[in-house]
Amino acid sequence: MKKNMRIALGCDGIGFELKEQLKEYLIREKQMDVVIDPVHTALEGEGSFIATTERICTGIQKDECRLALLICGTGLGFCSVANTYWGIRAAHASECYTAERARKSLNAQVLCVGCRVMALEYAKKVVDAFVDEPFHWDRESSVLNLKDMEDFEKRRGPKPDWVAWSMGFSPGDQEE
């Protein structure tokens, strides 16, 4: 029996309502398991984007899940912070093509979106484009780019001992 895909959701106070709506959608329509969700009220989300990003990104590094959505006003703040974590590839997308390419070409684990730039129904389409498209290991240019990103990560600093998986830099370690 195939296990449900595990995903993390994070938001600030502004993104809380959209996060809750997307959470319901991902559980009901996409049969995903939300395994990390540190913000339970809009008030809790206020001023928490650094702590929320840390919880989400370290959860991915520890292999609690392989994908995440981070939601704020524009998605830019979360994306900037998420990309500072070893092996994390976060993408900001406000339309479907960029969200799809983030997975297909970059093997991004984190999608950052803005509740002030898209309504719920459109956000669902953007999220679908991200979660429904796996990385294309047969696309040579994407594999080479991913290898370059891994080499860059290693030059910035060694892979932390507690990182529990390849971070999607190699094909044998992908979640079903």
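Let me begin with a definition: rings of Phe, Tyr and Trp, the last taken by its six-membered ring, pair if their centres lie within 6.5 Å, and planes over 60 degrees apart count as edge-to-face. The structure before you is a predicted model, and by that definition it holds three aromatic pairs.

I shall discuss two of these pairs. In one of them, the ring centres of Trp86 and Phe169 are 6.0 Å apart and the planes stand at 80°, so this pair is edge-to-face. Trp86 belongs to the loop between helix H4, residues 76-82, and strand S4, while Phe169 belongs to the segment after helix H7, residues 140-156; the pair therefore ties together parts that are 83 residues apart in sequence. Are these two residues buried or exposed? Trp86 has a relative accessible area of 9% and is therefore buried. Phe169, with a value of 8%, is buried too.

I turn to the pair formed by Phe135 and Trp137. Here the centres lie 4.6 Å apart with the planes at 75°, so this pair is also edge-to-face.

In what order do its five strands lie? The sheet is open, its pairing is parallel, and the order reads S2-S1-S3-S5-S4. Which strands stand at the edges? They are S2, residues 33-36, and S4, residues 90-92; each has a single partner strand, so one side of each is left without a neighbour in the sheet. On average, and with direction ignored, neighbouring strands of this sheet are turned by 30° against each other.

Within the sheet, I would draw your attention to strands S1 and S3. S1 covers residues 6-11 and S3 covers residues 67-72; the two run parallel and are joined by five bridges. Gly10 stands opposite Leu70 in S3.

Terms used
Residues are numbered from 1 along each chain as its sequence is written. This is a predicted model: local features need pLDDT of at least 70, side-chain atom pairs count only at pLDDT 80 or more; totals for chains, interfaces and linings use all residues. Side-chain values use heavy atoms; hydrogens and water are left out. Two strands pair if DSSP finds at least two bridges between them. Helices (H or I, at least four residues) and strands (E, at least two) are DSSP runs, numbered from the N terminus. Axes are lines fitted to C-alpha atoms, for helices over the stretch in contact, and angles run from 0 to 180 degrees between N-to-C directions. Rings of Phe, Tyr and Trp (its six-membered ring) pair if their centres lie within 6.5 Å; planes under 30 degrees apart count as stacked, over 60 as edge-to-face and the rest as tilted. Buried means under 20% relative accessible area, exposed over 50%, partly exposed in between (1.4 Å probe, protein chains only).
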